[in-house]
Amino acid sequence: MDSANDLSPGSATPPQADGATGTVPDGLDSSPTLADPDSLTAEERRLQEARAGVPWRGWGPYLSERQWGTVREDYSESEDAWSYLSHDQARSRAYRWGEDGIAGISDDKQRLCLALALWNEQDPILKERLFGLTNSEGNHGEDVKEYYFYVDNLPTHSYQRYLYKYPQAEFPYNELVAVNRSRSRHELEYELIDTGVFDDGRYFDVEVEHAKAGPEDIVCRVTVHNRSSQDAGLHVLPTLWFRNTWSSEDGDPKPRLARVDAADPVVRAEHHQLGVFYLYAEPEAALLFCENETNAARVFGAEPATRYPKDGIGDHLLHGAGTVNPDGVGTKVAARVRLVVPAGGQAAVLVRLTREGPETLTAPFAGASELIARRRAEADEFYEAITPPAVSDDAKVVMRQALAGMLWSKQCYYFDVDRWLRERHVHPLRAPTRRGSRNESWFHMVNHDVVSMPDKWEYPWYAAWDLAFHCIPLAMVDPDFAKSQLDLMLSEGYLHSTGQMPAYEWNFGDVNPPVHAFATLFLANLEADLGKVDLPFLQESFAKLLLNFTWWVNRKDPSGRNVFEGGFLGLDNIGVFDRSAALPTGGRLEQADGTAWMAMFSQNMLELALTLLEHDETSEGFVLKFVEHFFWIAAAVDPVGEHPDEMWDEEDGFFYDVLRLPDGAGARIKVRSLVGLLPLCATTVIEADVIDRYPRIAEHVATFLRRNQDLLVNIADPFAPGVHGRRLLSLVNEDKLRRILARMLDEERFLGPHGIRSISRWHLDHPYTFDVAGAEYRVHYEPAESTSGMFGGNSNWRGPVWFPINLLLIRALIQHYRYYGDDLRVECPTGSGKMMTLFEVAEELSRRLAGTFLRDSDGRRPVYGGARLFQEDPHWRDLILFYEYFHGDNGAGLGASHQTGWTGLVARLIQSLGQFDADTVLQDRQWPMARPYRRLAAAPMPGVTTAREARGVTEPQSPP
């Protein structure tokens, strides 16, 4: 065997320390385990090398899973993105702004892509991308109708594993559309398993693994498992192609794929920025070439621009068409292999993408199996090192797949809004001008980065507040990438000059909750625990967050009374009215959640300012500013005296939105929802020594508080010391806290078996109604999918459990516990007679949330409800889907099926349950979840310039 071609362990990577599993503590320990250079895992070594400039993250799972039906591909006058470029057109029409594929990888600018295509000899089309319903086709909005699983991944993507379940019978495209379209919003969705295509095991498990021999040397193995009792044929087509930039980017040279004259199938890929790569296939593979260009005849009925268009490989394979280039050149190529997989057996296909040419690489697959096995073992080693010993085996599976999903959900997001507006002839500053177009005021935006997505099929675009929550689980495995994501939303290509943060591509100007400062504070605390704070990053972030805070104050407090609006604020249909539209009554809505978010924003900025004050005394003014701003908001939430138009309802012991009518009169909208629980989350604990270290600030604050003491009688007393002399800044005093928790912890109201519901179950029998001019507006408890079409009808905040808000409530409980300690106990569940400390309540809530995915006493996972295949079949039951939200009464997964983004928070909850106990939390000086379980090395995290490389901010390479 030629050692230069050998992929066996150690031949193509730096030497690794065998058995380097790191030190794992026994029992619970809040201190991060020190991973010194001699005990680093192999993956941790690669992460260190990445910090030093080795491009281990240069290639990863950066393809979207749905590029069609997106706003950035929409050039219609009607702005109907779902109809402009459909799934049916996607196989024939070149995309403008990105690419999609099954188990796809690409370079970090998505110039060269590698993904999987399949054909079962029954389907009418080649399976190149995942199928799903558009918003109008689904009875509960858009939804992917495929089964695929993110089984494993490492932060450098040196090993990753993906599983796709492909029916052996014809895929029921038309049936899925017709049945779902015929169903009402009051009926369940019609899913792929309901069609019977998986009955009797008549499907393939298609397992795709990628293992890196080096940063730019990737082996891909596709293993096909036949789960049926009969032999079955399958065409496997690993496909390599260039994103089409030459048709739209001015002067961009056309890259080239070409067959190499060699004994076995080899393709040379040349790109003016990437340089040269080679794709190697096994001897039995047939290379099929075409162009990644639109089939104009099929899509537009126009004269074809090429004989070998984007869908040429599929037409050739399925229909024998002469649509592949016999000369072996193009911009898209598939290495087709036909397998006959024995009943109950398996077969595999290998390809390798590397820079090394066939002149020296004569045995490209030597040692491939050993490399894949080694990388898989290194993944085991890595996850073992970050998992506390107290975590059960089943919980380890859930935690690992959640983190794998976070890493698989990275996507190269490319959108030059200025160019897009010009190409659509709707730029507000350039003739011909046409006002009123979507995103017209965001022409400054040029996004071309690797970004963490909510769900790469249902939401293949970033959402600012989702992204803030993503950073918490991402920091468990790759704090550098987490840091790069926070930095991204505050950079000049994203943040608006007014200070507004972009929401999502359907409407960048919409308003998401201001949680970015919360995530920045989380990372600052994490960094402090890992060594030292990155002061330039913190200073720059603080300045940009200050702009964003000012935008909120100027735009969302129209009365100037520190009572905030904001619209839907990410909670879609939670209100009786569409909170982002004009109210049918006229006037405006003063929002308890919007105001609570701003109180929390003020507290987060205060804590960031205190961190900066340790390095820069000029931050003192900001400390005072945000202390005062928090207290002004607190005074406005519950002003002195009883008023029917204030947010706090003394009789109900709950917060509500207030409808402010045009004549100035106000009335509470008495829907008992998360809107009224969010004020609990505006809670910060100040350590006693902070007051001692900054006496001038302490005196200034004391003077301010004494002067306004009459306005602050309804909130927690900021003068009263708690555990270890701490002070509490909270919108609720102890009485309010107890009253709200009595409702929140009532299993007949908010506390479900798997977390806090978004609306109280009390509204099941007591719906809230509001009449306007003869029209009735109604909210009732709906634990599953929404029966409302508000915001597209594809999400529901009227009953289900959502992980991000539950996480904030857990944080609020712990913050209050750090102040009150063991002296404050509440009944949990309400009416049970069982008294718990607030830490114990936080633990109970964490266990309920994690239990959504864990096997119960009957061996069933609540997330899969009554789906027998998922509950009982050994090939399904340990594959976890991390849904968008969960049934309020039984925990069944709902909404987007791969929204690992913020549901991936369960990984941190599981890790925390095995990491912390009450004593360590009481002794800790910060939110425990911001304390890492294990750190990479006895060194701090890198500066932001280095961290930015984790999202693909790299200079284009010149061709060799």
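Leu 711 is partly exposed, with a relative accessible area of 32%, where partly exposed lies between buried (under 20%) and exposed (over 50%), judged with a 1.4 Å probe and protein chains only. Leu 711 sits in the loop between helix H18 (695-707) and strand E27 (727-730), helices (H or I, at least four residues) and strands (E, at least two) being DSSP runs numbered from the N terminus. This is a predicted model, in which local features need pLDDT of at least 70 and side-chain atom pairs count only at pLDDT 80 or more, while totals for chains, interfaces and linings use all residues. Residues are numbered from 1 along each chain as its sequence is written, and side-chain values use heavy atoms, leaving out hydrogens and water.

Side chains of opposite charge can pair when their charged atoms come close. The structure holds 79 salt bridges, each a side-chain nitrogen of Lys or Arg within 4 Å of a carboxyl oxygen of Asp or Glu. In one of them, Lys 332 meets Glu 128 at 2.9 Å, N to O. Because Lys 332 belongs to strand E17 (residues 332-341) and Glu 128 to the loop between strand E4 (112-119) and strand E5 (132-133), this pair ties together parts that are 204 residues apart in sequence. Lys 332 counts as buried at 4% relative accessibility, and Glu 128 is buried as well, at 13%.

Another salt bridge joins Glu 207 and Arg 161, with the closest N and O atoms 3.1 Å apart. Since Glu 207 lies in strand E9 (residues 203-214) and Arg 161 in strand E8, the pair links parts 46 residues apart in sequence. Both Glu 207 and Arg 161 are buried.
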